[in-house]
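Colleague: I'm new to this one. Could you walk me through how to read it?

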Amino acid sequence: MHPLRVPLGGAPRVVRPPCGSDKMAGQPLGQMALRGVWQLQKLIVSYSDWGGSSRGIRAFMELHLPAFKEKNPQLEVVDELIRGQHPHLKGFYRNKNQRTICVKNMDPEEILLHATRLRNALGRKVVKLKTRHVTKHPSVQGTWTTDVKF
Amino acid sequence: MANRRCLHTLSRRAWTLFSTNTSIPSLRTLLSLPIQPNKPIASQFGRGVTTRCPHPRYFSSNSESEDVSEDDDDEDYDEEMDDSGEDESVGNSSASGLKREYSPEEREAEAAAIGYKVVGPLERSDRVFKPYEAVFAVVQIGSHQFKVSNGDCIFTERLKFCEVNEKLILNKVLLIGSSTQTIIGRPIVPEAAVHAVVEEHALDAKVIIFKKKRRKNYRRTKGHRQELTKLRITDIQGVEKPEKIVTAKPTKAAEKKPEKVPVTA
């Protein structure tokens with residue numbers, strides 16, 4: 001069915017607003033996440049070369065980590081050897097937030113999933129959402145009140 | 001009912017025997033055969049034939065209930081077997097379905113069914129983050145509808161076929177409006193498009209599902225984290241956008257703003 005067009009007032013000239021934000025300029029090459037910027041800056045992969053709980057992450061480092069590094073050139077991935085401790089992934093975000101995920105006794109595929117989740121996330125604190133729609137301009141045609149006459 | 005069934009079989013077999021002109025068998029052999037009486041035949045044989053079927057339990061007063069209950073038990077057992085089998089198959093299919101490889105056509109089709117279309121990755125040269133325009137649209141993603149404007153953020157259910165930092169076009173637009181014009185879709189506006197960029201795929205905070213039945217020693221705790229996608233709306237197309245008034249500082253109020261006339265439903 002044809003949509004219902006309701007013209008209001010005269011036909012205004014369409015003026016193209018000034019486009020673009022200058023946030024793109026000077027940003028590191030590669031893709032962007034929050035308004036054009038990836039939020040995960042650094043990923044530390046901590047593992048042990050002896051312990052059995054690090055078996056999965058050692059396999060991950062052989063199988064999936066090179067491809068993960070290539071897919072995310074903007075991300076700084078660092079290997080760290082920690083003996084006598086369980087392995088974990090540490091993510092450092094642009095808003096100075098840090099997220100640690102313990103990956104002991106996990107399969108390489110699960111560790112890849114967790115690493116991808118760290119990369120996909122913004123560094124914001126994980127709290128229950130108040131609203132699913134965040135806006136600064138809630139009304140375009142004017143907020144309705146009981147006094148509005150149509 | 002069972003008695004009638006017995007008689008029915010008996011009389012039918014008897015009828016076949018008589019029609020073939022064999023020697024009339026003894027009553028015992030007659031009765032041992034499965035019978036299927038028609039009503040007139042039953043009435044003929046009813047007087048002479050004792051209603052004794054091979055399965056004596058059919059004669060008990062509780063025969064019907066027993067039969068029914070046994071049949072029901074059998075049916076339930078079969079149903080349970082079937083259900084468990086189906087559940088296993090469904091479980092297996094869902095477990096394998098999570099890692100299912102989608103062909104590009106399937107991806108597009110499923111994405112279009114939900115209401116969005118992946119355009120491509122965001123390039124560095126794209127200038128998509130524009131300042132605010134006084135245009136809004138009501139867009140549907142999956143089963144949820146949102147009233148969006150330029151620069152808004154939306155949290156939807158996890159969109160499967162797009163990565164972070166990819167451009168999307170949401171094509172299920174139900175209503176578009178600006179300060180001068182409103183277009184109502186029936187049910188969607190066909191030439192409208194809402195552009196968005198995927199900002200993040202993240203997990204919501206954990207909610208704990210706690211079940212308890214008091215005084216029954218039953219308590220269950222389950223944690224759940226919903227997977228969400230955050231979209232940032234960059235552009236709304238398909239409606240006449242209002243004229244942007246650029247006034248130089250010394251001159252004031254030269255142009256009249258177009259009047260806001262809301263639409264009657």
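Colleague: Which side chain does S46(A) join in a polar contact?

Modeller: A polar contact is a pair of N or O atoms within 3.5 Å; within protein, one must be able to donate a hydrogen and the other to accept it, and residues adjacent in sequence count only if both atoms are side-chain atoms. Here the side chain of S46(A) pairs with that of E80(A) at 3.5 Å. One caution: this is a predicted model, where local features need pLDDT of at least 70 and side-chain atom pairs count only at pLDDT 80 or more, while totals for chains, interfaces and linings use all residues. Residues are numbered from 1 along each chain as written, chains are lettered from A and ligands numbered from 1 in written order, and side-chain values use heavy atoms, without hydrogens and water.

Colleague: Is S46(A) buried or exposed?

Modeller: Buried means under 20% relative accessible area, exposed over 50%, and partly exposed in between (1.4 Å probe, protein chains only). S46(A) has 1%, so it's buried.

Colleague: And how do I read a helix, say α1(A): which residues are buried there?

Modeller: An α-helix has 3.6 residues a turn, so residues three or four places apart point the same way. In α1 (residues 55-63) of chain A, the buried ones are G56(A), I57(A), F60(A) and M61(A). They lie on the same side of α1(A) because they cover an arc of only 140° around the axis, judged by the directions from the helix axis to the C-beta atoms. On the other side, R55(A), E62(A) and L63(A) are exposed. Helices (H or I, at least four residues) are DSSP runs, as are strands (E, at least two), numbered from the N terminus.
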